[in-house]
Structure formats: structure tokens, C-alpha cells
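Keep the sequence and the 3D view side by side.

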Amino acid sequence: MDKRYVFVCQNVDCRVRQGDHIFETLQKDIPNTDTLEVRPYMCFGACHDGPNVIVYPDKVWFAPVTPGNVQKVVDYVQKGAPIEPEMDKINQGLKDMIFQLLDAGLY
């Protein structure tokens, strides 16, 4: 089985919007295993919609993630819960570009 990653943007804009807290919460609620890892990511280029979290290789993008809705990310990762439309506001062109970078192994 391929390893899954939960990438959390840690650029300044996302950090100002509690991205560091989101990262810490996800690390606590989603323990790293041989098949799953929560990792920081430098920037996804969607600062205005952050904090941003990507589950890869699922190619699922959550934004904006807040302390009040971070459980939705946890539920998706752990239980396969559906993604609510308000958690996915990112332009498809940007998504495609970032997913191509991740597909190329840039993480």
C-alpha cells in the first residue's frame, strides 16, 4: 500500500491564520504510521484561502481549515467521511498544478 500524507501549509499567511495550530492538532489526532504521515509543507500558493491542508495521494484539498473545522479533515483521513463543499474552495487550475508537483515527488 502506498503511503498517504496529510500536508499542512506552514507559510506565513497560513501560520498567521493558525496553520501551526492546525498542524499540531492534526499531528496529535492522526498519529504517524508506516502508511500515513502528517507533514508540514512550505506553501501551496492559495494563501488567501488558507490554512490549506492536502491529503495525498488522494488529491483532496481542504481550505480554509480552522480550529473549528479541523475535525472534518481528521474524519476524512480516518473514516473516509465526505468532503463538504465549503471545505473545498480552491481553483481547479491551482489544484492541478500543485498535484502535479506532488506527483513529481516534490515533498
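Predicted model: local features only at pLDDT ≥ 70, side-chain atom pairs only at ≥ 80, totals over all residues.

Helix α3 itself spans residues 70-79. Its buried residues are Val 70, Val 73, Val 74, Asp 75, Tyr 76 and Val 77. Just past the end of α3 comes Gly 80, with a positive phi of about 70°.

Take the helix partner next. Two packed helices are described by the angle between their axes and the distance between the axes. For α2 and α3, the axes come within 10 Å and cross at roughly 35°. The crossing is right-handed. On the α2 side, Ile 22, Thr 25, Leu 26 and Asp 29 make the contact. They meet Val 70, Gln 71, Val 73, Val 74 and Gln 78 of α3. By class, the residues of this contact are five nonpolar, three polar and one charged. Val 70, Val 73 and Val 74 take part in this contact, and they are also among the buried residues of α3.

Arg 4, Val 6 and Val 8 point one way from the strand. Tyr 5, Phe 7 and Cys 9 point the other way.

Which strands pair with β1, and in what sense? With β2 the pairing is parallel, over six bridges. There, Cys 9 stands opposite Tyr 41. With β3 the pairing is antiparallel, over four bridges. Here Tyr 5 has Tyr 56 as its bridge partner.

Technical notes:
Residues numbered from 1 in each chain as written. Heavy atoms only, no water. Buried < 20%, exposed > 50% of the residue type's maximum accessible area, 1.4 Å probe, protein only. Helix = DSSP H or I, 4+ residues; strand = E, 2+ residues; numbered from the N terminus. Pairing = 2+ DSSP bridges. Axes fitted to C-alpha atoms, helices over the stretch in contact; angles between N-to-C directions. Left-handed = near helix turned anticlockwise from the far one by under 90°. Contact = heavy atoms within 4.5 Å. Nonpolar A, V, L, I, M, F, W, Y, C, P; charged D, E, K, R; others polar.
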